[in-house]
Structure formats: C-alpha cells, structure tokens
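Subject: Handover of a structure and its findings

Dear colleague,

Please find below the structure that I am passing on to you. I would ask you to look at it first and then to read the notes that follow.

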Amino acid sequence: MSDSPHRILQPEGWARPVGYANGIEARGRTVFVGGQIGWNSQCRFEIHDLPGQVRQTLENVLAVLAEAGAGPEHITTMTWYVTDRKAYSASLKEIGAAWKAAMGRNFPAMAVVEVSGLIEDEALVEIQATAVVPD
C-alpha cells in the first residue's frame, strides 16, 4: 500500500511490481528535481559505497522537494543512473533499507539505468525526480 495521494496505475492482470509503480496519475503543482548525487550539502563525498550514496542522494532529493512544500509521497517518477548494475543488484537489501528510511512506502514510477560514468568522479548514483503536489 502506498502513502501517495496519486492514483497508482496497475493494468488488470499484470503482476504487481516490487519497489516501484508501473505508472502514476497525478494532478496539481509540478516540482522538478534535477539530478542529485550522494554528496553532502557542501558538495563533499563522505560516503563511498553505493547504499550509503543512495541514502544521501535520496535525502538530497527530499531536501529539494521540501523547498517546494513537497515530500516523498508527492514523487510521481524517478530516474536513477548507476555506474555499476552488478553492485546495485548485489546491494538491493541495503538500498531497500535506505529507501524505506527516506521514502517510506511511496513507490513512484521508476527507471534504473546503468551509465559508464557520472560528471562527479566519486558519484556512484544520480537520481532525478518529478513530484506533483495536489491542488
């Protein structure tokens, strides 16, 4: 069950996805969050493992959303860019714990893409998000 105020789109007969939604229907004020990475508010990397950077990156996404009066329940879509798909798959338990701590039971429409690198050499993940705050 999601805490989202938006309608989860689940086609009849489809298997339920785990950790994301196939689609979201939303109406309201749209908030776009540019790609966030796993550094702190002073642009310094304190964490050098993927689960830790995911946790910091999600906190950074939520900090930007908070400036617009939005929270994790308003996120409709996310795109994750990871530098190592195998490390991502091997860390799913820890990443899930980081997700739960930051996002609760909110599961937006998502994509995860492996990339050859990110602009900041120490970054292992970058997350871009869109949120919709209901009218």
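Glutamine 36 is located in strand β3. Please keep in mind that the model is a predicted one.

Is glutamine 36 buried or exposed? Its relative accessibility is 19%; the limit for buried is under 20%, so glutamine 36 counts as buried. Apart from neighbours within four places in sequence, its contacts are Thr57, Asn60, Val61, Val64, Val125, Glu126 and Ile127.

The strand that holds glutamine 36 belongs to an open sheet of four strands, arranged in the order β3-β6-β4-β5 with mixed pairing. At the edges stand β3 (29-37) and β5 (109-114); each has a single partner strand, so one side of each has no neighbour in the sheet. On average, neighbouring strands of the sheet are turned by 10° against each other, direction ignored. Between β3 and β6 (residues 125-133) the pairing is antiparallel and runs over seven bridges. In one part of β6, valine 132 is the bridge partner of threonine 30.

Helix α3, in turn, lies across β4 and β5 and runs at about 145° to β4.

How do the two helices meet? Helix α1 (residues 50-66) and helix α3 (residues 92-103) pack at an angle of about 20°, and their axes are 9 Å apart. Angles under 35 degrees count as roughly parallel, and α1 and α3 are therefore roughly parallel to each other. The crossing of α1 past α3 is right-handed. On the α1 side, the residues in contact are Leu50, Pro51, Val54, Arg55, Leu58 and Leu62, and they meet Glu94, Ile95, Ala98, Trp99, Ala102 and Met103 of α3. By class, this contact has ten nonpolar residues, two charged residues and no polar ones.

Finally, I would draw your attention to histidine 6, which lies in the segment before β1 (7-9). With a relative accessibility of 8%, histidine 6 counts as buried. Histidine 6 and alanine 26 are 20 residues apart along the chain, and their C-alpha atoms are separated by 5.1 Å. Beyond neighbours within four places in sequence, histidine 6 is in contact with Ile24, Glu25, Ala26, Glu73, His74, Thr76, Val132 and Pro134.

Yours sincerely

Technical notes. Residues are numbered from 1 along each chain as its sequence is written. This is a predicted model: local features need pLDDT of at least 70, side-chain atom pairs count only at pLDDT 80 or more; totals for chains, interfaces and linings use all residues. Side-chain values use heavy atoms; hydrogens and water are left out. Axes are lines fitted to C-alpha atoms, for helices over the stretch in contact, and angles run from 0 to 180 degrees between N-to-C directions. Angles under 35 degrees count as roughly parallel, over 145 as roughly antiparallel, 65 to 115 as roughly perpendicular and the rest as oblique. A crossing is left-handed if the near helix is turned anticlockwise from the far one by less than a right angle, and right-handed if clockwise. Contact means heavy atoms within 4.5 Å. Ala, Val, Leu, Ile, Met, Phe, Trp, Tyr, Cys and Pro count as nonpolar, Asp, Glu, Lys and Arg as charged, and the others, Gly among them, as polar. Two strands pair if DSSP finds at least two bridges between them. Buried means under 20% relative accessible area, exposed over 50%, partly exposed in between (1.4 Å probe, protein chains only).
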